[in-house]
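Keep the structure open as you read.

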Amino acid sequence: MEYRISERIGQLHSSAVRDILKLTQGNEIISFAGGLPAEELFPLEAVRDAAARVFQKGSGSLQYGVTEGYLSLREQLCTRMAVKGMKVEPEQMILTTGSQQALDLLARVLTNPGDIVLVENPTYLSSLQVFSMHGLTVIPVESDKDGMIMESLEALLRQHRPAMIYVVPTFGNPTGRVWSLERRQGLLALSRQFGVPILEDDPYGDIRFDPQADYPTLYSLEGEADGGTVFYMGSFSKTVAPALRTGWAMGDRGIIGMLAKAKQASDLHSSTLDQQTVSELLTHFPLDDHIRKISAAYGSRMRQMEQLLLQRNWQDLTWVQPQGGMFLWLELPEGLDAEALLRAAVTKGVAFVPGAPFFAGTPKRNTARMNFTYTEGERMRQGIERFAEAVDEFLARC
Ligand SMILES: Cc1ncc(COP(=O)(O)O)c(C=O)c1O
């Protein structure tokens, strides 16, 4: 039959990049493309023990659960959040299927089709997909290495009266950038002045290469959830394992209640088994030690990638050294199209993500996102070698 397809899904283009990257699966391709944590660093034993403990308790973990999420885990999370200066009660928090679902639910509750959302430029690709699915118009705010530029933000707030502002202030995807304290405070002040909520997405904040570094979340700077402007999203995907699909959103309890209604309509609740496993893990496993361990490993992988790139002595290839997170954001020579470079790179056996799809407005085609967490050692060396061959051939042609 001829299917009638919704306009929303029709507008979601399958990107050329995704199509190229599909070709790389299962092949002998060294991939810097995915946002994947290092598999060999997953706390496998601890997750296995936690799951075993859940089953020892009986069959409750196989039952339906409450939409807001397993209460013990919410309570544990509230305690963890308090350590970071984030005051929150279980009623101000909902557990979600990854923070991706938190973003989707917030967009459902806080916007209507046709509304405007302001984002950093560039921004997290899958946030753009969520906003497109909800019929939102995305407007990028001019941004630099310290975050959104406040003059640009203020002008857009005045002009468009957007429904919300979406940001990843600490180790953003794709840029790895960290917002300065001044910009964080500026954003909060403007969002209050214009009455526009902020969605603070923070899946990478714990992955800091300098353990002493302190980047206060917008939520902690605001200090109050109820009636506040900030909705904070967190995730165990990068700190424990993405397959547990456990994330959360927190903020004003009235809005969190509405998220629960939206979630009920969507999937009733997230996996009880996964949530109870995470809860047992937090009880018996020193997660903060584990986070320090993976952060140190990722820091050294980032430095390895940086060294390998520096050895090539390319004049016009630049990046800002990330202080955490999972990505190195490359600016390639002006005029070089990273999508064409990807095609060449794939033939050499290496993949990365061209930067263009991360831009909501006019893309900078000479940009690329390189993941440094999934690969290490000799494999990383080989991957950068292949990448370099592709770049050199490209530069010779320019
Ligand atoms: C900025 C950002 N937000 C949200 C997510 C979604 O993460 P998850 O749903 O696994 O918690 C990701 C995943 O890569 C991300 O990079």
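A residue counts as near a molecule if one of its heavy atoms lies within 4 Å of it. By that rule, 13 residues surround the ligand, and the closest are S99, D201, Y204, S235 and S237. Before going further, note that this is a predicted model, where local features need pLDDT of at least 70 and side-chain atom pairs count only at pLDDT 80 or more, while totals for chains, interfaces and linings use all residues. Residues are numbered from 1 along each chain as its sequence is written, and side-chain values use heavy atoms, with hydrogens and water left out.

What is the make-up of the shell around the ligand, by class? There are four nonpolar, six polar and three charged residues. (Ala, Val, Leu, Ile, Met, Phe, Trp, Tyr, Cys and Pro count as nonpolar, Asp, Glu, Lys and Arg as charged, and the others, Gly among them, as polar.) Helix 5, residues 98-110, gives the most to this shell, with three residues; helices here are DSSP runs of H or I with at least four residues, strands are runs of E with at least two, and both are numbered from the N terminus.

Now for some individual distances to oxygen atoms of the ligand. A polar side-chain atom of S235 sits 2.6 Å from one, a backbone N or O atom of S99 is 2.7 Å from one, and an N or O atom in the side chain of N173 is 2.9 Å from one. Overall, the protein covers 92% of the 400 Å² of accessible area that the ligand has on its own (Shrake-Rupley method, 1.4 Å probe).

On to the cavities. A cavity is a set of points, on a 1 Å grid over the protein atoms alone, where a 1.4 Å probe fits but cannot get out; its lining residues have an atom within 4 Å of a point. Grid points are joined across faces, edges and corners, and a volume is the space filled by probe spheres set on the points. The structure has three cavities of 30 Å³ or more.

The largest cavity holds about 120 Å³ of space. It is lined by 14 residues, with K84, D206, S235, T239 and W248 closest to its centre. Strand 9 supplies the largest share of that lining, three residues, and the lining as a whole divides into six nonpolar, four polar and four charged.

How values were computed. Polar contact = N/O pair within 3.5 Å; in protein donor to acceptor, adjacent residues only side chain to side chain. 1 Å grid on protein atoms, 1.4 Å probe; cavity = no way out; pocket = protein on both sides within 12 Å on 5 of 7 lines; lining within 4 Å.
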